[in-house]
Structure formats: structure tokens, C-alpha cells
Amino acid sequence: MSADTASAPEIRLTGAHLLVANVALLGGIVTGLLQGLEHAGFEFPASEYLLRSYYHSVSLHGVLNVLVWTTFFISGFLPFISARAYAMPLASPRLGWLTFWLMLAGLLIAAVPLAGNAATVMFTFYAPLKAHWAFYIGLTLVVVGTWLITLRLALSQRAWRAQHPGERTPLAAFMSLVTMAMWTLASLGLAVSMLFFLIPWSLGLVRGTDVLLTRTLFWFTGHPIVYFWLLPAYISWYTLMPRQAGGRLFSDPMARASFLLFLILSSPLGLHHQVTDPGIHEGWKLFQAFLTFAVFFPSLLTFFNVVASLEGAGRARGGKGWFAWFGRLPWGDPSVAAQLLAMLTFTAGGIGGLINASYNVNLVVHNTAYVVGHFHTTVGTAVTLTYMGISYWLVPHLAGRALWSRRMALVQCWVWFVGMLIFSTVLHELGLRGMPRRTMISQAAYFQPEWKALLPWVGVGGTLLFISGILYLLNLLLTVTVSRAPAAAVPDFAVAAAPAEEGPAVLNRLRPWVVVAAVMLVIAYGPTLARLVATSQLNVPGLRVW
Ligand code: HAS
Ligand code: CU
């Protein structure tokens with residue numbers, strides 16, 4: 001069966017997910033603009049009807065961008081790409097739709113208090129900040145929805161295996177499964193926090209809550225979640241980009257190894273977000289600091305493998321020298337350009353991550369604008385600009401129409417890149433100058449003169465990002481409404497120079513690696529969680545600050 005026939009049943013479903021994702025992104029970039037301008041010295045337009053405060057805006061911004069835009073994009077993209085990789089329709093379209101409606105219902109339930117300033121608790125919803133119960137229940141439904149996606153991919157894998165005994169799972173399908181398995185395991189922390197602590201507390205069934213325990217459960221999920229966002233971008237970089245650039249994937253077994261390392265190393269990790277939290281033994285923080293260095297490695301494997309693949313493509317197009325081949329890549333294709341710019345940004349952002357992770361150095365950057373700079377290069381660019389690049393072929397395909405304007409798309413991705421270069425560099429520097437994150441800086445009583453010269457650049461970067469985001473959304477909107485010409489084909493999967501069969505069979509298995517990840521989780525978190533639960537008091541009352 002052709003890949004197109006296999007993925008045809010997913011078209012409407014993927015389209016539905018992408019629609020929700022992009023609507024969320026619109027909300028995310030509007031709030032982002034207002035926050036950037038606030039830092040640049042403009043008055044924040046708080047009002048009784050829309051955004052009650054700067055903090056209301058930041059909560060919306062975080063939830064819409066990193067929780068909704070990412071999760072809905074992934075939930076549309078991974079099943080679509082898996083169906084193509086298997087060259088077989090996925091199991092149970094009905095389960096697919098049930099999942100979508102469940103996730104949408106959850107999102108709407110959470111959106112009501114969020115929009116109404118009854119969940120102004122940031123995307124991390126740290127207790128004792130307390131949201132309306134609908135916020136927690138709605139988000140929990142979204143998470144349960146993602147588990148059903150894991151189930152659907154697992155059922156599809158079983159059906160495919162029955163028809164292809166002894167064959168290696170196609171790379172993109174295998175990677176999608178690993179991503180969802182990793183996320184499902186990791187999301188248990190959040191689920192426990194919601195079901196046993198935050199939901200009963202917000203419903204008034206228990207007197208108070210436990211700040212440290214709920215934070216720890218949050219980061220149990222909250223660190224792996226960043227790889228849940230990143231790995232779908234990696235799937236595009238590994239399985240599609242080499243072909244889009246006109247080359248081959250350097251090594252398939254190495255790509256599988258990298259994903260399996262993410263599964264076993266990033267699942268048992270999260271305490272590097274809690275280095276400054278009292279009440280957790282330093283030994284475990286140090287242990288997880290080492291795990292953080294370890295999880296750097298599969299990204300280095302990715303760097304090597306993807307650069308080698310692209311270098312092959314660049315040389316095949318006549319590129320020469322150590323670096324000049326990079327310029328020979330098909331920069332005129334907006335899908336390629338967006339993802340190359342995402343990779344370049346991530347190279348810098350990844351190095352910044354290592355600084356965050358360096359235990360004692362974390363004390364310098366924690367809770368400062370530096371961290372905001374870091375995650376805008378990672379989730380805000382490596383991930384978001386890649387998803388945009390994917391959308392430039394995916395949305396035209398789903399709509400059966402050509403992309404409205406390639407030139408506008410090219411301008412868009414460069415404006416994002418330049419905007420982010422300004423925005424994130426300046427935020428890193430402001431963080432090093434001691435400026436806190438998540439703060440309405442113009443109102444801070446402790447405002448420092450050395451922040452002043454840099455702050456307008458936050459507004460400049462934020463404005464460029466807003467313009468770029470609007471160009472992206474407008475292009476997609478015009479594509480699905482007024483564009484007429486037939487859509488260009490979906491990029492084919494890259495052929496691997498070293499195919500899967502050259503690697504050991506264990507790189508094609510999932511279950512043993514899930515077991516290893518679970519054991520690692522018990523080691524990395526067991527003692528800390530056991531002690532926190534044993535000493536838990538549930539006596540901290542909730543606060544509504546803004
Ligand atoms: Fe992070 C905080 C450490 C990666 C997201 N991170 C955050 C927060 C977010 C986030 C959202 O250890 C804030 C959470 C909050 O609200 O408090 N992070 C790391 C490390 C990595 C890392 C070590 N982070 C990510 C990714 C994210 C993300 C990915 C989202 C998708 N991060 C931390 C730490 C904190 C933190 C601490 C807590 C800070 C604090 O105190 O609060 C690494 O995994 C990064 C590895 C990446 C690389 C780059 C490889 C480059 C590639 C591109 C290939 C390029 C090509 C082209 C092909 C090693 C694969 C290049 C061509 C040329 C020729 C150059
Ligand atoms: Cu992390």
C-alpha cells in the first residue's frame with residue numbers, strides 16, 4: 001500500500017489536532033507580544049474583560065504555548081507520520097476520534113477558569129498557588145487523551161508486526177512509539193499529583209496540600225515533557241529532512257539508539273529543576289545532575305547523525321569545504337529553511353542547557369530571565385520552528401491545496417530566527433545581571449539600572465516573533481481557505497546509508513527498554529518520593545495572588 005493511501009484516513013483527524021494547536025499558538029503569541037512590550041517599558045494593557053494582569057497573561061502564554069500548541073501538534077503529527085511509515089492505516093480510527101474529543105473537552109474545561117483568571121498559576125501550577133478545580137481536571141483529561149494515543153500506536157504496531165514478522169519497525173513509527181512510551185511513563189507523576197493532591201484540594205476535600213511533594217511530582221513529568229516536545233522534531237530531522245535536503249540518513253541504528261537513550265535517561269530525571277528546593281537530599285540532586293549530563297549524549301548523537309546526513313546532501317548538491325556545504329542546502333524551501341534555523345538555534349540553546357544543569361552554576365541562573373532565554377531557544381525555537389517547518393508541507397497536504405506563499409514562509413522563518421536571536425540573547429544576559437523571570441519588571445521595586453539598556457531589546461525581539469507568528473498563521477489560513485492549486489507531495493522518508501538491519505535486533509525492541517526506564521525511575525525517585533510521602537502533612541492552604 002502506498003504511504004498516501006495509508007495516511008489518508010488520518011487527514012481529517014490530524015487536521016483537527018492542528019487546528020486546535022494553531023489557535024492556541026495565536027493566543028500564545030499575542031500574550032507574548034504584550035509581555036515583551038511590558039519589559040520594554042510599555043504599560044501592560046490589563047483590563048477587567050480580557051487580561052486581568054501581567055500574571056494572567058503569563059499563565060495563558062505558558063499553557064497555550066508549551067502545553068496546548070505542542071501537545072495537540074504532536075497528537076496530530078505522530079499518528080499521521082506513523083501511518084505513512086507503516087504504509088498501513090492505523091488501528092481504530094474511532095479510538096483516534098474519541099481521543100481527540102476527550103482532549104478537546106479537557107482543554108475547554110481547563111480553558112474556562114484559565115480565561116477567567118481563576119487559574120492564574122503559571123504553566124507549572126506550583127502549590128500553594130491554587131486554581132479552580134476545572135483547570136486541574138481539564139488538564140488531566142488532556143493527559144489521559146495522550147495515553148490513548150500511545151494505546152492506538154501500540155495497537156497499530158501489533159497489527160503491523162503480525163503482517164511483517166521478523167522485520168524491523170519503520171524508523172519513524174518506531175520513534176513515535178518510543179516518544180509516546182517515554183511520555184506515558186513520565187506523565188504518571190503529573191497524574192498522581194492531580195488525582196491525589198491537587199484535585200481533592202481544589203474541590204475542598206482535603207484541608208491543605210504539600211508544596212514540596214507536588215512540585216517534585218510536577219518535575220517528575222515536567223522534565224521529560226521537554227523531550228516529549230523535542231522528539232517529534234527529531235523525528236522530522238532524522239526521517240524526513242535528509243531527504244528534503246536531497247540526501248540520505250547517515251545511520252538508522254544510531255538514530256534508534258539515540259531515541260532509546262532518551263527513553264531510559266530522560267524519564268528518571270527532573271530534580272535539576274529543584275536544585276534550590278530544600279528538603280531533597282543533595283545526593284539525589286547530584287545523581288540527577290549526572291543523569292542530565294548523560295541525557296546530553298543522545299542529543300550529541302543526533303547532532304552528529306543529522307549533520308552527517310545534511311553534509312552528504314550539501315556535498316551532493318556541489319557543496320565544498322568544512323562549512324560551505326551548509327549554504328548549499330535547499331534554503332529556498334521554507335520547510336527546510338525553518339528546520340535548519342531551528343537546528344542552529346538549538347545548538348546554542350543546548351549548550352545553555354548544560355550551564356543550567358551544572359549544579360552549583362544553576363544557583364546563578366535559577367529563576368532568572370536566563371532560564372526564559374534558554375527555553376525560548378529550545379521549545380520556543382528548536383521545537384516550534386520545526387513544527388512550523390513541518391506545517392509548511394503538512395497543512396497543504398491535509399487541505400489538498402498548495403502553500404499560499406513560499407516567499408512569505410521564507411521571510412517568516414528568518415524573522416523568527418532573528419527575533420529569537422535578539423530576544424533570547426538579551427534574556428540570557430539579563431538573567432546573568434540578576435533579573436528575575438515571571439515578574440512584571442516595570443513595577444519591580446528592586447529594578448536595577450543595569451537592566452535598563454537591554455530591556456527595549458526584549459520588546460524588539462518579542463515584536464519580531466509576533467510578526468513572524470502572524471505571518472505563519474496567515475499563510476496557513478490563506479492556504480486552507482483561498483489557495484487553489486493542488487498541493488505538493490508529502491516528503492518521502494529518507495533512505496538510510498546504514499540501514500536498520502546493520503544494527504543489533506535489540507535496537508528494534510521497546511519492552512526491555514521500558515523496563516530499564518522504569519527501574520531507573522525507581523532508583524532516581526524512589527527514596528525521595530517515599531520520604532516525601534511518609535512525611536507529608538497536607539496542611540498548606542491555597543493562595544490566589546493575582
Ligand atoms: Fe532545558 C529549564 C537543562 C534541553 C526546555 N528547559 C528548562 C525549562 C524549559 C526547558 C521549558 O539542568 C524551564 C522550565 C521552567 O519553567 O522552570 N535543558 C537542559 C539540558 C538540555 C535541555 C541539559 N530544555 C531542553 C529542551 C527543552 C527544554 C530540548 C524543550 C524542548 N533546562 C535544563 C535545566 C533547567 C532547564 C537544568 C532548569 C533551570 C532552572 O534552574 O530552572 C539538553 O538536553 C540539551 C541538549 C542539546 C544539545 C544540542 C544538540 C543540537 C542539535 C542540532 C543539530 C544541528 C544541526 C545543524 C544539524 C546538545 C541536535 C547544525 C549545523 C552546524 C554546522 C552547526
Ligand atoms: Cu529539565
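So, H223 is buried, with a relative accessible area of 4%; buried here means under 20%, exposed means over 50%, and partly exposed is in between, with a 1.4 Å probe and protein chains only. By that scheme H273 is partly exposed, at 22%.

Before I go on, the ground rules. This is a predicted model, where local features need pLDDT of at least 70 and side-chain atom pairs count only at pLDDT 80 or more, while totals for chains, interfaces and linings use all residues. Residues are numbered from 1 along each chain as written, chains are lettered from A and ligands numbered from 1 in the order written, and side-chain values use heavy atoms, leaving out hydrogens and water.

Okay, the copper ion, ligand 2. Which protein atoms are its donors? They're H223 (ND1), H272 (NE2) and H273 (NE2), sitting 1.9 to 2.1 Å away. Donors are N, O and S atoms within 2.8 Å of the metal, or 3.2 Å for Na, K and Ca, and since water isn't among the atoms, sites may look incomplete. Along the sequence the spacing reads H-x48-H-H. H223 is in the loop between helix 8 (211-222) and helix 9, and H273 is in the loop between helix 11 (252-266) and helix 12, so this pair ties together parts 50 residues apart in sequence. Helices are DSSP runs of H or I with at least four residues, numbered from the N terminus.

Now the iron atom of ligand 1, which is 4.7 Å from the copper ion. How many protein donors does the iron have? Only one: H374 (NE2), at 2.2 Å. H374 belongs to helix 15.

What about the rest of ligand 1? There are 36 residues around it, and Y227, N362, H366, H374 and R437 come nearest; near means a heavy atom within 4 Å. That shell splits into 22 nonpolar, 13 polar and 1 charged. For the classes, Ala, Val, Leu, Ile, Met, Phe, Trp, Tyr, Cys and Pro are nonpolar, Asp, Glu, Lys and Arg are charged, and the others, Gly among them, are polar. Helix 9 (224-239), helix 12 (282-316), helix 13 (334-357) and helix 15 (369-399) each put in at least two shell residues.

On oxygen atoms of ligand 1, a side-chain N or O of Y227 lies 2.5 Å from one. N362 has a polar side-chain atom 2.8 Å from an oxygen of ligand 1, and for A357 a polar backbone atom is 3.2 Å from one.

Definitions and conventions
Polar contact = N/O pair within 3.5 Å; in protein donor to acceptor, adjacent residues only side chain to side chain.
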